[in-house]
Structures are given as structure tokens and as C-alpha cells.
Amino acid sequence: MTSGTTQDFRFRDILLVAYGPSVVSAIGHGAMLPVLALRARDLGADVSVAAAIVALLGVGQLLASLPAGALVARIGERRALVGAGLVDACAMAFAALTDSVLGLAIGVLLSGVCWTLFLIARQGFMIDVVPESHRARAMSLLGGSYRVGVLIGPLIGAGLIAVSDLTSVFWLGAGMSVLASLLAATMPDLGEEKRAAARATGHLGVWTVIAAHRRLLATLGTAVVILGASRSLRLSLLPLWADHVGLSASTTSLIFAGAAALDVAFMWPGGWLMDTRGRMVVAVPVVLSMAVACLLLPLATDAVSVALVMALIACGNGLGSGIVMTLGADAAPDDGRSQFLGAWRLCGDIGNTGGPLLVSAVAAVAPLAVASVTVGLLGLLGAGWVGHWTRRVDLARAAALSRR
């Protein structure tokens with residue numbers, strides 16, 4: 001399977017091998033995430049330790065970014081996807097069987113490592129099979145496939161818990177990871193000739209690739225950090241504000257469910273805009289929607305106004321489905337691509353981790369409303385940086401197309 005030409009490319013031809021493993025794996029993760037802290041509590045963890053165990057999923061992703069890129073470069077996308085699925089299944093099963101908080105922590109950390117390996121391999125495969133003219137739509141659907149899985153997973157998990165216990169959700173996750181691995185095994189193994197040549201001459205080291213592209217990572221990569229931070233705030237700042245104004249947990253959940261539906265609805269239009277109008281027209285609204293929402297949030301004092309602010313964030317976030325992967329695919333070199341994508345993934349993970357930490361740091365010394373406004377003002381500045389560097393990407397793409 002190759003990317004072919006723009007004229008003969010059809011998404012339905014790659015639907016199962018390209019998106020099936022992602023949806024299936026995300027169903028398992030989506031079912032597990034809401035009950036992870038509860039599982040820790042059942043094993044005897046206090047609230048702070050339970051929260052730390054949930055955070056270990058992100059820590060695993062952060063730690064694995066660079067090693068995962070190097071591993072994919074050596075074994076290829078298909079083997080990486082199959083291996084990540086099987087190891088993740090073992091991690092989920094271990095989390096179900098363990099009777100200690102430490103055991104659960106190890107399982108969660110390993111699952112985060114596997115998820116990063118899975119994402120980098122999936123991104124590399126999409127670069128190979130999708131023509132550049134359809135790249136953003138392909139990456140948007142890839143990002144959207146995770147969202148769909150996260151929507152379906154908790155529903156299945158809730159049904160399992162109703163007839164069993166919390167560990168059944170982890171067994172579901174293990175089963176989904178095995179299924180994702182089996183689906184990945186049906187995809188073609190692309191790039192073997194390139195890997196063979198690299199083995200003969202020596203694989204490029206991760207730090208060698210980073211050094212060669214250090215200016216790009218320091219500029220456009222910083223824009224990706226800002227994008228990641230902006231998108232992560234909806235999961236940290238919004239629930240805190242909803243609790244601050246006295247909304248019940250059920251009302252907050254309903255608001256998030258409605259926002260998730262908007263998020264999915266804007267996924268395809270965002271990819272189409274990126275492919276036809278450029279990356280900047282989507283990247284800037286992602287950051288601006290969060291910045292404006294943070295500035296408006298102190299004015300939201302009831303369920304309706306909080307829902308409207310969340311809807312604004314969801315529209316921007318949905319438009320930006322796949323934006324980080326698209327920019328990474330645009331920037332990735334032919335030599336050392338997987339190593340570069342690992343560094344790119346690290347930029348996104350730093351943003352995803354840094355956003356909530358920024359809210360926590362400001363909220364520790366000031367009221368939540370002040371923290372929200374502060375983050376909003378920083379977001380406005382960040383939108384300018386993101387706009388500048390993504391416009392340069394668009395200009396470079398336009399110049400490349402004109403030379404063809």
C-alpha cells in the first residue's frame with residue numbers, strides 16, 4: 001500500500017488498517033481513564049496518591065517520546081504497533097490483577113509508554129500512505145478516532161461495572177489492546193528498504209536528529225508546546241471552575257459530553273480547512289478559543305454560561321484535531337523521521353503537562369478567576385507566536401507546490 005496520487009486516493013481504502021487500531025485501543029483507554037483513580041482508592045491509596053497515579057499515564061508518555069521514536073526507526077511502524085498493543089494489554093491485565101498501589105502505578109506508567117509508541121508509529125504510517133494534499137484530513141481523522149473511542153469506552157465500561165466490578169474495565173482495556181494489535185498486524189510493513197539501508201550505515205541517533213533540527217524545534221516546536229498547553233486546559237481549568245461556581249458533578253459531566261459532541265463535529269471541517277486554506281487558519285483559532293474562554297470564564301456563574309464557554313473551547317479544539325500531528329508530518333525529514341517525530345511528540349507532551357501545571361501554580365497564589373485571566377492573557381500572546389510560525393509553514397508549502 002502506498003499513498004498513490006491525489007486523484008486515486010480514497011479514505012475508505014485505508015479505513016480499517018489506518019483507523020481501526022486507534023479506535024479500538026482508545027475504547028480501552030477511554031473505559032479505563034474514568035475509573036483509574038477509583039481503582040487506586042480501592043487498593044488503599046489516599047486522594048493525593050490516587051491523583052498521582054492518574055498523572056503517571058502522562059508521565060509515561062512524556063518519558064517514552066524520544067526512546068519510542070528511536071525504536072520505531074529500527075523496527076518499523078507495523079511491528080511497533082503490534083508490540084505496543086501486546087505490551088499495553090499486559091499492563092492493563094497487571095493493573096486488574098495487582099493487589100498493591102505500587103503495582104497499579106507500574107501498570108499505568110507502562111500503559112502511558114505504550115500509548116506514545118502507538119501514536120508515533122501510527123503517525124509515521126499515515127505519512128507514508130496518505131498524499132500530502134489529504135494529510136491534514138487524515139491526521140484530523142486520526143485525532144478524531146481517539147475522541148470517538150474515548151466517547152464509547154466509558155459507556156461500555158459503565159455497563160461492565162454495573163454487572164461486575166472495577167477490574168472488569170481493565171480486562172476490557174486488555175482485550176481492546178490485543179484486538180488493536182491484531183488489526184495492526186494486517187497493515188503493510190512499509191519502509192523496510194529504508195530501514196535496511198539505515199542498518200547498513202548506522203541509524204541516526206535521536207540527539208543527532210534533534211541537533212540537526214534544533215532551530216525548527218525551538219520555533220515551530222514551541223508553537224506546538226503552546227497548542228498542547230491550550231488544549232489541555234479544558235481538562236484542568238474548566239472542572240475546577242464548575243466546582244467553584246457550585247455546579248454538580250452530573251451537570252458538569254453533561255456539559256463535557258455536549259462539548260465532546262461539538263469537538264467531534266468540527267473534526268472534519270478542521271482537516272479540510274488545513275488542507276485547503278493552510279495550517280495557520282486552524283492553529284490560531286485553537287489557541288485563541290482557549291485564551292478568550294479563559295478571559296470570559298470569570299463571568300460564567302451558572303450552568304448555561306459555563307456551557308457556552310465550554311462550547312467555545314470545544315469548537316476550537318475540534319477544529320484543531322490532528323493539528324500537532326499535521327505540523328509534525330509537514331516538518332519531518334526523510335532521514336531520521338521517526339526520531340524527529342519522537343522529539344515532536346515530546347513538544348506536545350510538554351504542553352499537555354505544562355498547561356495544568358501553569359493553572360495549578362497561579363491558583364496556588366491567587367484566586368481561580370485571576371489564574372483564568374492570567375492564562376487567557378498568556379494565550380493571546382501565544383496565539384501570535386503560533387500564527388507567525390504556522391504562517392511560515394503555509395508559505396513553505398505553497399512554495400513547494402509551485403515548484404512541482
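Of the contacts in the protein with a separation of 6 or more, 85% are accounted for by residues 24 or more positions apart, where contact means heavy atoms within 4.5 Å. The model is predicted, so local features need pLDDT of at least 70 and side-chain atom pairs count only at pLDDT 80 or more, while totals for chains, interfaces and linings use all residues. Residues are numbered from 1 along each chain as its sequence is written, and side-chain values use heavy atoms, with hydrogens and water left out.

The protein contains 18 helices and 0 strands; these elements are DSSP runs numbered from the N terminus, with helices being H or I of at least four residues and strands being E of at least two. The radius of gyration is 21 Å, close to the 22 Å given by the globule rule for 404 residues, so the protein is as compact as a globular protein of that length. This radius is taken over C-alpha atoms, and the rule is 2.2 Å times the number of residues to the power 0.38. Along the principal axes, the C-alpha atoms fill a box of roughly 60 × 45 × 40 Å.

Of the 404 residues, 52% are buried; buried denotes under 20% relative accessible area, exposed over 50%, and partly exposed in between (1.4 Å probe, protein chains only). The accessible surface of the protein comes to about 16,900 Å², and 69% of this area belongs to carbon and sulfur atoms. Such areas come from the Shrake-Rupley method with a 1.4 Å probe, and for residues only the protein chains shown count as cover. The 27 positive and 22 negative charges have mean positions 8 Å apart. Lys and Arg count as positive and Asp and Glu as negative, whereas His and the chain ends are not counted; each charge is placed at NZ of Lys, CZ of Arg, CG of Asp or CD of Glu.

Individual helical positions were then examined. S25 lies in helix α1 (residues 15-32) and is buried at 4% relative accessibility. Leaving aside residues up to four places away in sequence, S25 touches W115, F118, M176 and A180. V178 belongs to helix α7 (residues 167-184) and is partly exposed, with a relative accessibility of 33%. With residues up to four places away in sequence not counted, V178 touches G85 and A89. V178 and V24 are separated by 154 residues in sequence, and their C-alpha atoms are 9.3 Å apart in space.

Helix α10 (residues 214-232) includes S230, a buried residue with a relative accessible area of 7%. Its contacts, not counting residues up to four places away in sequence, include V287 and M290. L273 is located in helix α13 (residues 267-277) and counts as partly exposed at 25% relative accessibility. Under the same exclusion of residues up to four places away in sequence, L273 touches G278, V281, V282 and L319. L273 and G83 are 190 residues apart in sequence, with a C-alpha to C-alpha distance of 35 Å.

The structure holds 0 disulfides, a disulfide being a pair of cysteine sulfur atoms within 2.5 Å. The sulfur of C114 is 8.6 Å from the closest cysteine sulfur, in C90, which is too far for a bond; C114 is buried, with a relative accessible area of 6%. For C315, the closest cysteine sulfur is that of C294, at 15 Å, also too far for a bond. C315 is partly exposed, at 22% relative accessibility.
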